[in-house]
Amino acid sequence: MSVFFGFSIVLLFYIVGVSTVLSENVPVPENVRVISINLGLVLEWDPPQTTKNQPFNYTAELKGWRGYEPVCQNSSSLTCDFTDIVAIFGSYQLRVRTELDGETSDWVETKQVAVDKITEISAPHVELRSNNGQTEVDITDPPMKRKNLRDVFGNIFYLIHFWKKGESKKVKLKREQSRVMLPKVKPLENYCVEVEVLYLKNKTSQPSNMTCLTNSPSNEAEPWLIAVVLLISFLVVLVAVLLIFMAVWYSYKGYRIVFPNDNLPEHLKQYLAQRSQSPAPLPIHEGTRLKEPIHELRIYKKKLNSSQDSQQI
């Protein structure tokens, strides 16, 4: 019994020693790193630095509830994508090893990572439009590997930087809307825009490409032009009112000259009435010259005066 026990111990040490020798003969992957962009999860590494150009293969595994499970086996690729088998809000540990001619290296393990905490968001897509002297920024969220940006992080904001092309001073805006009108831009000026997505309160996405656009001319009148037009309109209306007033006044004066308010004396009215009732004049023969009497008519107007009853004019 003791002989069997001793043989087992020797065999165990032999297997461990052989495995150690084999592991030391196969170098481990180098520069192992976890990459997460747009809620994906990828493990990357560099091949071992050896003097021999050897065709290494690799196996990468993911640690779940039941321990490590292989995802990429005996592959020559230097990456392994775990995106389809992980949850967005899960926490995971990854590892990879080198394989060569049936021999394997030691495992290289990563720290435990949470996808939603380490992920980086790529740059949003930005389009500029200009109309009537205004520039509008249209922002499109970058596509996610799983779900969409707002479903994962809730309320997100956009950090908009814009400036006049050729100048270093930038204006910064923070907006929740994906369509934003740039304030205080001048017509026919060239403006450039960069946008970042703000999520998790203090994390930002990669900045968008610089997008530039020349602002369109404005159809709106300048304030000074509006003031000038209003002043001219006021003067025109004032002159028109004065002309109408003068026309009415002089028309009234002319009417009173033709049709005065003063009444004719009674004896003149009787005389005119008798003249209208006199018989019609005899017909005048051709060549006969009619001599018409002319009488002088004077009209007097009575005017009240404090010192006298009447005055002849």
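**A viewer tour: rings, sheets and loops**

Start with K174: it lies over the face of F157, at 4.8 Å from the ring centre. A charge counts as over a ring if NZ of Lys or CZ of Arg is within 6 Å of the ring centre and within 35 degrees of the ring normal. Next, select K170 and W163. The charged end of K170 sits over the W163 ring, 4.3 Å from its centre.

Before moving on, some ground rules. This is a predicted model, in which local features need pLDDT of at least 70, side-chain atom pairs count only at pLDDT 80 or more, and totals for chains, interfaces and linings use all residues. Residues are numbered from 1 along each chain as its sequence is written, and side-chain values use heavy atoms, with hydrogens and water left out.

**Aromatic pair**

Rings of Phe, Tyr and Trp (its six-membered ring) pair if their centres lie within 6.5 Å; planes under 30 degrees apart are stacked, over 60 edge-to-face, the rest tilted. By this rule there are 2 aromatic pairs. Select one of them, F153 and Y199: it is tilted, 4.9 Å centre to centre, with 50° between the planes. F153 belongs to helix α3 (residues 149–153) and Y199 to strand β15 (residues 190–199), so the pair ties together parts that are 46 residues apart in sequence. Helices (H or I, at least four residues) and strands (E, at least two) are DSSP runs, numbered from the N terminus. Are F153 and Y199 buried or exposed? Both are buried. Buried means under 20% relative accessible area, exposed over 50%, partly exposed in between (1.4 Å probe, protein chains only).

**Sheet β10-β11-β14**

Now colour β10, β11 and β14. These 3 strands form an open sheet in that order, with antiparallel pairing. Two strands pair if DSSP finds at least two bridges between them. The edge strands are β10 and β14 (179–181), each pairing on one side only. Neighbouring strands here are turned by 20° against each other on average, direction ignored. Axes are lines fitted to C-alpha atoms, for helices over the stretch in contact, and angles run from 0 to 180 degrees between N-to-C directions.

Zoom in on β10 (residues 125–131) and β11 (residues 134–140): 7 bridges join them. V126 stands opposite I139. R129 stands opposite E136. Which residue of the hairpin of β10 and β11 takes a positive phi? Select N132, with phi near 55°; the hairpin has 2 residues between the strands.

**Sheet β1-β2-β5**

Move to the open sheet of 3 strands in the order β1-β2-β5, also paired antiparallel. Its edge strands are β1 and β5 (79–81). β2 and β5 share 3 bridges. Across from E44, find T79 in β5.

Two asparagines come next. N31 has a positive phi of about 50° although it is not a glycine. It lies in strand β1 (residues 30–35) and is partly exposed, at 48% relative accessible area. N38 also has a positive phi, of about 55°. Find it in the loop between β1 and β2 (42–46). N38 is buried, at 8% relative accessibility.

**Confidence**

Last, colour by pLDDT, the predictor's confidence in each residue, from 0 to 100. The chain averages 82, and 75% of the residues score at least 70. Residues 1–22 stay under 50, with 2 contacts beyond four places in sequence. Contact means heavy atoms within 4.5 Å. Residues 308–313 are also below 50, and this stretch has 9 contacts beyond near neighbours in sequence. Where pLDDT is low, the predicted coordinates should not be read in detail.
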